[in-house]
There are 2 protein chains.
Amino acid sequence: MSIPDRTMRWWGWGDPGHHGGLPVPALPLLQAEVGLGTPPPRPTLDEVRLPDIALPAAVRDRLVAAVGAEAVRDDRESRVLHAGGKSYPNLMRLRTGDASTAPDAVVSPATSEQVKAVLEVCAEAGVAVVPFGGGTSVVGGVDALRGTFNAVVSLDLGRLDAVRTVDERSLLAVVEPGLRGPELEAALGDRGLTLGHFPQSFEYASIGGMVATRSSGQASAGYGRIDANVLGLRCVTPTVDVVASTVPGTAAGPDLRELLMGSEGTLGVLTEMTLRVRRAPDEKRYEGFMFPSFAAGSEALRVLAQEGVTPDVARLSDEEETRVSLTIADDGGLKSQLGRRYLDLRNVSGGALAIVGWEDTVERVGRRRDATVDVLKRYGAIGLGRTVGNAWEQGRFHGPYLRDDLLDRGVMVDTLETATTWSNLFTLYRAVDAALRERAAVVMCHVSHIYPGGASLYFTLFARQDAEDPIGQWHRTKVAAGEAIVARGGTITHHHGVGVDHAPWMGAEIGDGGGRVLRAVKAELDPVGIMNPGKLLP
Amino acid sequence: MSIPDRTMRWWGWGDPGHHGGLPVPALPLLQAEVGLGTPPPRPTLDEVRLPDIALPAAVRDRLVAAVGAEAVRDDRESRVLHAGGKSYPNLMRLRTGDASTAPDAVVSPATSEQVKAVLEVCAEAGVAVVPFGGGTSVVGGVDALRGTFNAVVSLDLGRLDAVRTVDERSLLAVVEPGLRGPELEAALGDRGLTLGHFPQSFEYASIGGMVATRSSGQASAGYGRIDANVLGLRCVTPTVDVVASTVPGTAAGPDLRELLMGSEGTLGVLTEMTLRVRRAPDEKRYEGFMFPSFAAGSEALRVLAQEGVTPDVARLSDEEETRVSLTIADDGGLKSQLGRRYLDLRNVSGGALAIVGWEDTVERVGRRRDATVDVLKRYGAIGLGRTVGNAWEQGRFHGPYLRDDLLDRGVMVDTLETATTWSNLFTLYRAVDAALRERAAVVMCHVSHIYPGGASLYFTLFARQDAEDPIGQWHRTKVAAGEAIVARGGTITHHHGVGVDHAPWMGAEIGDGGGRVLRAVKAELDPVGIMNPGKLLP
């Protein structure tokens with residue numbers, strides 16, 4: 001596994017040298033069903049409009065004293081790169097030259113003590129602090145909002161990137177927050193270990209960001225969510241460090257880990273995490289399966305999760321996502337052929353494509369696969385083999401690059417996700433699908449995280465971009481989805497986090513009581529309110 | 001499974017008709033190694049000293065208005081039965097006629113709304129409220145302490161005992177807190193389901209109490225701790241209801257469930273819980289195994305937990321517990337013979353007895369057993385067969401009855417538990433063992449809850465009772481153990497909870513930061529401080 005350079009394109013995702021990769025067959029489909037446009041060319045970095053720097057010189061001097069001169073940057077590129085994450089509105093603002101959410105400075109502490117010093121300076125001076133890991137948020141979680149303060153700094157945690165200790169006997173690793181996914185996997189891989197956490201943002205996401213936002217990886221069925229793999233935490237706040245000691249199980253009161261995870265930088269900065277790691281698998285085997293319908297496939301996934309024969313990767317597309325995937329697949333038409341063969345075979349109008357994977361010893365992959373396939377076949381699945389699975393693996397982190405290409409062609413593309421119980425899954429699915437279809441030409445969905453009690457739903461939508469008001473268009477779509485989700489009992493986010501974009505529905509999610517609890521904790525740890533204003537609970 | 005009557009003996013554990021059952025071979029061992037005494041006879045109920053009732057008549061009238069006259073009791077028996085739980089000091093106090101921790105009244109709401117009404121009355125009047133489920137706490141968690149208030153009521157949740165809904169498709173059950181373990185299992189069993197949560201207190205413990213104290217059952221290796229099986233919660237507090245909605249997985253901020261679980265009634269009253277349930281197993285198979293040593297057996301358990309071939313029950317005694325168990329077993333000497341046969345066979349001076357169990361379909365029990373036994377044998381285990389396993393099953397809930405018998409014979413008996421990482425397990429084991437041996441004649445230990453990252457340690461100790469100061473003797477022993485645990489990085493409690501007895505070490509467990517967080521939440525939800533004063537965080 002190669003380790004990417006950390007710096008992403010300021011106007012989009014990932015590797016500056018990446019050449020895009022919208023599959024050739026996608027264009028006709030998009031032209032016919034969505035419509036393409038020709039947005040104005042992207043501005044150069046110099047053309048982007050930045051707010052004047054509002055950080056007082058005296059405060060800047062104190063920050064320099066805390067972390068060193070080279071660790072306080074306010075050059076144009078640093079500020080633009082820390083203006084936000086990689087949500088659709090983040091990208092559209094920058095593509096139209098608007099970096100109004102840029103910080104006044106980017107501060108890069110190298111130690112937990114420096115983090116503490118920076119928070120003390122900012123609390124005293126009344127400067128907002130936005131913790132910044134990989135910068136991959138798709139919900140506005142790292143937008144450098146200043147709230148009621150005049151100035152804001154982005155706290156880049158990239159220098160806090162050590163693997164402090166690895167306890168191979170207990171299979172625990174103590175790591176710092178700024179480490180990126182591939183960096184941690186490389187360090188663990190040297191010892192034959194893995195975290196097994198591979199969200200789509202894996203190549204750029206930081207471990208601290210994953211924990212702070214309760215990330216969930218593509219192999220969550222096997223490895224569990226990130227929150228299920230954190231045994232200890234240290235959170236440096238403006239007032240006091242909160243330390244949840246590393247323990248495999250305890251009855252010593254409320255679980256502080258679970259209060260800090262998901263706090264999204266609004267309480268403090270996670271400077272150290274103890275993670276459960278595992279022996280790296282000898283084999284990774286991914287296969288495609290075609291179900292007669294999304295409903296049949298969902299039943300199969302439910303049974304897998306409830307009968308304890310869960311694979312490590314379980315991803316099921318609905319009929320629409322299956323159709324679009326098979327049509328636009330950039331593999332010489334292979335998937336399309338497979339799909340057509342299936343459709344011919346079954347004489348049905350649609351099918352639901354599943355990717356199922358196992359990561360384990362060779363012997364156990366074999367045995368577990370047999371148990372999984374037994375269940376899949378009970379629900380009508382036809383095996384499509386490893387070629388389809390490998391194609392998924394090849395492209396598993398490429399979605400955000402495709403989005404950049406679509407933006408270049410005037411397409412609004414967004415994704416959103418929720419989760420609910422198995423009983424409620426199709427009620428929620430139909431409601432969100434219907435709400436989105438009023439605003440988007442293509443709406444597709446997959447289940448990618450399964451639990452004994454329920455599953456996630458992940459929607460992708462394409463619409464012709466409203467060239468006059470792209471963000472307004474996006475916002476109306478988001479509101480329609482959010483309202484449909486809360487009306488039908490879904491969670492407002494299964495793994496993207498809350499940030500700015502989901503905050504309007506936090507009240508619906510956690511109620512008045514939950515809001516009062518979280519605000520009381522915030523008032524205790526961050527009484528001045530400098531930590532990530534405008535996020536989570538505005 | 002029979003459902004016991006809920007009311008326990010006021011001076012001890014369980015069924016008033018129970019005839020004890022200290023095995024005959026135990027007496028010579030205790031006489032020789034511990035020494036027996038002849039404590040004075042237990043007082044009659046009428047002889048127990050109760051505090052004068054301090055609840056003002058006007059407040060009592062308001063409570064009657066809230067819940068009905070028959071649901072506010074202040075008769076002698078009700079007060080004594082709610083004076084505390086079933087810890088050694090609880091029992092010793094009552095056995096010496098001291099019911100000074102009895103409440104002024106026992107209030108029994110029938111609905112969530114009545115709970116709310118009671119809390120409102122008590123907050124206004126300044127009356128402490130102690131939520132009371134099954135009354136099985138062994139850490140003082142339900143002692144009716146009044147804190148800074150003049151009066152205290154015990155809030156008996158026994159009438160809130162409905163199974164509200166069962167969602168068989170999502171395998172979720174919504175239940176009320178006052179339901180006892182056997183009652184829930186009977187209701188679920190009618191549908192072919194189980195919760196799978198069997199702590200030693202199972203026959204009398206309430207579901208609300210289990211959740212409020214983060215209980216862990218004897219089959220936790222398979223079913224997980226109770227906290228791993230709660231998907232939704234409602235907590236009625238003096239100010240606002242906190243509701244954690246039922247969702248299988250979410251990234252919507254800090255996890256409120258995990259803040260309410262383990263709160264031990266100090267924030268409010270859990271009036272509704274959504275629990276993960278499972279298909280009831282077709283087969284339960286328990287077997288005995290003998291390891292050459294506790295160290296070898298621990299290695300085997302570590303590998304089971306880390307390699308994903310965990311059985312549902314995994315319990316391993318150290319050499320001392322093995323010796324005592326085999327000596328005092330009340331089965332015609334069968335276990336003793338097995339033990340001797342093993343010892344003869346191996347020509348070693350000691351061994352470590354394990355009970356390992358599987359609860360699943362017949363086919364899966366067979367397959368999973370094979371995988372487990374492969375690992376056990378790698379570490380030198382010799383199978384002792386199902387007879388030993390069945391004997392464990394027969395006696396799995398009887399420990400507290402034995403304790404009563406020992407108290408009758410002047411023996412101090414206590415249990416205490418901790419957990420840590422695998423790397424630290426033997427350091428912690430040796431330190432606690434050494435601390436206890438200075439104060440107790442027999443000190444024995446078992447591992448009964450295993451995780452990929454570590455395991456629990458459960459100590460049992462016997463000492464000749466100090467007839468002059470039995471509670472002082474117990475307290476000195478407890479302090480020695482607590483200090484050893486925190487000095488060596490163990491958690492202060494793996495599953496007994498904090499209550500009064502572990503509260504002195506909460507500071508060591510959660511630090512200044514954790515304490516401030518929990519106090520801030522308490523101040524928000526219970527500003528008057530009426531909820532279970534003196535517990536968790538005094």
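**A chat about the model**

Modeller: Happy to! In chain A, a hairpin of four residues connects β8(A) to β9(A). Strands here are DSSP runs of E with at least two residues, helices are runs of H or I with at least four, and both are numbered from the N terminus. This is a predicted model, where local features need pLDDT of at least 70, side-chain atom pairs count only at pLDDT 80 or more, and totals for chains, interfaces and linings use all residues. Residues are numbered from 1 along each chain as its sequence is written, while chains are lettered from A and ligands numbered from 1 in the order in which they are written.

Colleague: How many bridges join β8(A) to β9(A)?

Modeller: Four bridges, with the strands running antiparallel. Two strands count as paired if DSSP finds at least two bridges between them. Val236(A) is opposite Asp241(A) of β9(A), and Cys235(A) has Val242(A) as its bridge partner in β9(A).

Colleague: And which residue is the bridge partner of Cys235(A) in β10(A)?

Modeller: That's Leu270(A). β8(A) and β10(A), residues 269-276, are paired antiparallel over six bridges.

Colleague: Is β8(A) buried or exposed?

Modeller: Six of its seven residues are buried, so β8(A) is largely enclosed by the rest of the structure. A residue is buried if 20 or more other C-beta atoms lie within 10 Å of its own, exposed if 12 or fewer, and partly exposed in between, with C-beta atoms placed from the backbone.

Colleague: What's the order of the strands in that open sheet?

Modeller: It goes β5-β6-β10-β8-β9 in chain A, five strands with antiparallel pairing. β5(A), residues 163-167, and β9(A), residues 241-244, are the edge strands, each pairing on one side only. On average, neighbouring strands are turned by 10 degrees against each other, direction ignored. Axes are lines fitted to C-alpha atoms, for helices over the stretch in contact, and angles run from 0 to 180 degrees between N-to-C directions.

Colleague: What about the open sheet with four strands?

Modeller: That one, also in chain A, has the order β1-β2-β4-β3 and mixed pairing. Its edge strands are β1(A), residues 72-73, and β3(A), residues 127-132. β3(A) and β4(A), residues 151-156, run parallel and are joined by six bridges; Val130(A) is opposite Ser154(A) there.

Colleague: Which strands does helix α5 of chain A lie across?

Modeller: β2, β3 and β4 of chain A; α5(A), residues 112-125, runs at about 150 degrees to β3(A).

Colleague: Switching topic: which domains is chain A divided into?

Modeller: Domain 1 (42-156), domain 2 (163-279) and domain 3 (283-396). The bounds come from an automatic or database domain assignment. The C-alpha centres of domains 2 and 3 of chain A lie 30 Å apart. Five residues of domain 2 of chain A touch eight residues of domain 3 of chain A, where contact means C-beta atoms, placed from the backbone, within 7 Å.

Colleague: How many residues does the contact take from each chain?

Modeller: 69 residues from chain B and 69 residues from chain A. On the side of chain B that touches chain A, α18(B) gives the most, with 15 residues. By class, that side has 30 nonpolar, 27 polar and twelve charged residues. Ala, Val, Leu, Ile, Met, Phe, Trp, Tyr, Cys and Pro count as nonpolar, Asp, Glu, Lys and Arg as charged, and the others, Gly among them, as polar.

Colleague: Which residues are on the covered face of β9(B)?

Modeller: Val242(B) and Ala244(B), while Asp241(B) and Val243(B) are on the uncovered one.

Colleague: Last one: how many residues of helix α4 of chain B are buried?

Modeller: Seven of its eight, among them Tyr88(B) and Arg95(B). The buried residues of α4(B) pack against α15, β16 and α17 of chain B. Just after α4(B), Gly97(B) has a positive phi of about 80 degrees.

Notes: Two residues are in contact if their C-beta atoms, placed from the backbone, lie within 7 Å.
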